[in-house]
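Student: Hi, could you walk me through this fold? I'd like to go piece by piece.
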Amino acid sequence: MNPSIKSIATVALALLLTNPVVALPQKTNQPPTDARCLTTSLCASTQLSKDTLIVPGERIGPITRKTTKQDLAKLFGASHLVDKTISGPEGMGSFAATQVNLNQGRSLLVVWSDNTRTKPLDVRNLGSAWKTREGIGVGTPLSELRKKLGDFKLYGLAWDYGGTILLDSSRLSRDQGKLILRVDTAPNASEKFPNDYQAVSGDGTFSSSNRHWKPLGIRLAEIIVVLNSGE
């Protein structure tokens, strides 16, 4: 296996395995206090829960390397959490996970190191509201990715790691091993443009400037943010 492919496969396998005060009506130019902020701690929690910044290797909004399931309940509300078990690639292994169901494109899935749900391995299935400092999020088109990342390389389509961007060939090389970005085609692109689709398929690597990507409607389809290693 190509060393680069083996490296990302290893990472992905490990990973598959963030005094009460009641305001009286006044004439003021300041925005009204959030009705949910009845205490200082609740206000802080509310603001944290609205944070949608991705910092690879560190946090996804308020979710950090040390966040537990109990913390998720405090941040987002227990009613928004659903525990589940997910399978590793090709059905290898099973891992504890917690789905956080939120509105406005903020939903996500936390994958845990074990069934105690006290140490997050990674966060994935991110909604479109979550963005990196560069403004990269699910749905970002290939043309915009090239502006932000430069002319990078990515794996071909139609296999386990299809569409995965090789960050070490981009301006985000510092995030290699901390962030996984995967692109995909527009619906039915393989049927509408079969020749272009086949030209950039398979387990080889291709330049993001390859002309065959253009008609396929390539957009960022998946973000995985690594918080702790699988060791």
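Student: How many bridges join strand 1 to strand 2, and do they run parallel or antiparallel?

Tutor: Two bridges join strand 1 (residues 53-55) to strand 2 (residues 59-60), and the two run antiparallel. Strands here are DSSP E runs of at least two residues and helices are H or I runs of at least four residues, both numbered from the N terminus. Two strands pair if DSSP finds at least two bridges between them. Before we go on: this is a predicted model, where local features need pLDDT of at least 70 and side-chain atom pairs count only at pLDDT 80 or more, while totals for chains, interfaces and linings use all residues. Residues are numbered from 1 along each chain as its sequence is written, and side-chain values use heavy atoms, with hydrogens and water left out.

Student: Good to know. Which residue is the bridge partner of Val 55 in strand 2?

Tutor: The partner of Val 55 is Arg 59.

Student: And what's the strand order in the open sheet of four strands?

Tutor: The order is 3-2-1-8, with mixed pairing. Strand 3 (63-64) and strand 8 (131-132) stand at the edges with a single partner strand each, so one side of each has no neighbour in the sheet.

Student: What about the open sheet of six strands, what's the order there?

Tutor: That one reads 4-5-6-7-13-11, with antiparallel pairing. Its edges are strand 4 (81-87) and strand 11, and each has a single partner strand, so one side of each is left without a neighbour in the sheet. On average, neighbouring strands of this sheet are turned by 25 degrees against each other, direction ignored; the axes behind such angles are lines fitted to C-alpha atoms, for helices over the stretch in contact, and angles run from 0 to 180 degrees between N-to-C directions.

Student: Let's zoom in on strand 6. How many of its residues are buried?

Tutor: Five of the five, so strand 6 is largely enclosed by the rest of the structure. Buried means under 20% relative accessible area, exposed means over 50%, and partly exposed is in between (1.4 Å probe, protein chains only). Leu 108, Val 110 and Trp 112 point one way from the strand, and Leu 109 and Val 111 point the other way.

Student: Now the core. Which residues touch the most other members of the largest one?

Tutor: Of its 40 residues, those are Ile 60, Leu 108, Leu 126, Ile 165 and Trp 213. Helix 3, strand 5, strand 6, helix 4, strand 11 and strand 13 each supply at least two residues of this core. A second, separate core of five residues includes Ile 86, Ala 97, Leu 109 and Val 111. A nonpolar core is a set of buried Ala, Val, Leu, Ile, Met, Phe, Trp, Tyr and Cys residues joined through side-chain atoms within 4.5 Å.

Student: Switching to helices. Which residues are buried in helix 4?

Tutor: In helix 4 (residues 142-149) they are Leu 142, Leu 145 and Leu 149. They cover an arc of only 55 degrees around the axis, which puts them on the same side of helix 4. The arc is that of the directions from the helix axis to the C-beta atoms. These residues pack against strand 10 (165-166), strand 11 (179-184) and strand 13 (219-226), where contact means heavy atoms within 4.5 Å.

Student: And which ones are buried in helix 3?

Tutor: Leu 72, Leu 75 and Phe 76 are buried in helix 3 (residues 69-76). They fall within an arc of 70 degrees seen down the axis, so they line one face of the helix. The face turned away from that buried side carries the exposed residues Gln 70 and Lys 74.

Student: Last topic: how many aromatic pairs turn up in the whole structure?

Tutor: Three. One of them is Tyr 155 with Trp 159, edge-to-face at 5.6 Å centre to centre and 85 degrees between the planes. Rings of Phe, Tyr and Trp (its six-membered ring) pair if their centres lie within 6.5 Å; planes under 30 degrees apart count as stacked, over 60 as edge-to-face and the rest as tilted.

Student: Is Tyr 155 buried or exposed?

Tutor: Tyr 155 counts as buried, at 0% relative accessibility, whereas Trp 159 is partly exposed at 24%.
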